[in-house]
Amino acid sequence: MSTSTHLSNIIDYNRKFVESKEYEAYRTSKFPDKKLVVITCMDTRLVELLPKAMNFKNGDVKVIKNAGAIISQPFGSVMRSVLVALYELNAEEVIVVGHYECGMASLNADHMIQKMIERGVSEEVMSTLENSGIRLSKWLRGFDNVTAAVEHTVDTIKKHPLLPPNVPVHGMVIDPDTGELDLVVEGYDK
Ligand SMILES: [Zn+2]
């Protein structure tokens, strides 16, 4: 299926969606009713499963997704999104939700760099990047263990100098098949 077919299918569907007012079932505000911000993975299996398994519906939570539910930069866009949710959108707690069988757990940077070259990125570009201090093999690295990765992400958020004090930050790992959650970090002060 070509991209243009994808696009025209989406646009055709969208016209009907709007005409039949299907959006009415999803009307809500930008403020999360459950006052939660969730950081999770872009995995296709979680698109519908995660909200169903955690009882989230439209309007309940802010969701930030990337490959692996990772915060690789304390001053990158994921952490900025967390802070926006907490300061501007009335979120009060953070939950990091990694998942078993995550693609980032088996990501092989060298393999991906090889694919880039095969698909036409020149070796010259690669060496220019390396020479300007971008360590591709480090940047493209995943993690060995999802539980440890979730703990690390929770830790990065908790230690962030701009995090409002007393914000609970929790960590969980979800089964992408059954939706079962394992609690990794309980963020409430005891
Ligand atoms: Zn994943």
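The zinc ion is held by three protein donors, Cys41 (SG), His99 (NE2) and Cys102 (SG), which lie 2.0 to 2.3 Å from it. Donors here are N, O and S atoms within 2.8 Å of the metal (3.2 Å for Na, K and Ca), and water is not among the atoms, so sites may look incomplete. This is a predicted model, in which local features need pLDDT of at least 70 and side-chain atom pairs count only at pLDDT 80 or more, while totals for chains, interfaces and linings use all residues. Residues are numbered from 1 along each chain as its sequence is written, and side-chain values use heavy atoms, with hydrogens and water left out.

**Zinc site**

- Along the chain, the zinc donors follow the spacing C-x57-H-x2-C.
- His99 has a relative accessible area of 0% and is buried; the term buried means under 20% relative accessible area, exposed means over 50%, and partly exposed is in between (1.4 Å probe, protein chains only).
- Cys102 is buried too, with a relative accessible area of 6%.

**Overall layout**

- The chain has seven helices and five strands; helices (H or I, at least four residues) and strands (E, at least two) are DSSP runs, numbered from the N terminus.
- Their order along the sequence is α-β-α-β-α-β-α-α-α-α-β-β.
- Domain 1 covers 3-103 + 144-185 and domain 2 covers 108-141, with bounds that come from an automatic or database domain assignment.
- The centres of domain 1 and domain 2, taken over C-alpha atoms, are separated by 29 Å.
- Along the principal axes, the C-alpha atoms fill a box of roughly 50 × 50 × 35 Å.
- Of the chain's 190 residues, 35% count as buried.

- Strand β1 (residues 36-41) runs parallel to β3 and is joined to it by five bridges; two strands pair if DSSP finds at least two bridges between them.
- Thr40 stands opposite Val97 in β3.
- β3 also pairs with β4 in the parallel sense, over six bridges, and Ile95 stands opposite His170 in β4.

- Strand β4 (residues 169-174) pairs with strand β5 (residues 181-185) in the antiparallel sense over four bridges.
- The bridge partner of Met172 in β5 is Leu183.
- Six residues lie between β4 and β5 in this hairpin, and Gly179 in the turn has a positive phi of about 80°.

**Loop residues worth a look**

- Leu89 sits in the loop between α3 (77-88) and β3 (93-99), and counts as buried at 12% relative accessibility.
- Leu89 and Leu36 are 53 residues apart in sequence and 9.7 Å apart in space, C-alpha to C-alpha.
- Asn55, in the loop between α2 (46-53) and β2 (61-66), has a positive phi near 60° although it is not a glycine.
- Asn55 is exposed, with a relative accessible area of 57%.
- Asn166 lies in the loop between α7 (146-158) and β4, also has a positive phi, near 70°, and counts as exposed at 65% relative accessibility.

**Salt bridges**

- The structure holds six salt bridges, each being a side-chain nitrogen of Lys or Arg within 4 Å of a carboxyl oxygen of Asp or Glu.
- Lys34 forms a salt bridge with Asp60, with the closest N and O atoms 3.7 Å apart.
- This pair links distant parts of the chain, with Lys34 in the loop between α1 and β1 and Asp60 in the loop between α2 and β2, 26 residues apart.
- Asp60 forms a salt bridge with Lys57 as well, at 3.5 Å between the closest N and O atoms, and Lys34, Lys57 and Asp60 are linked in a network of salt bridges.
- Arg135 and Glu130 meet through their side chains in a salt bridge (3.1 Å, N to O).
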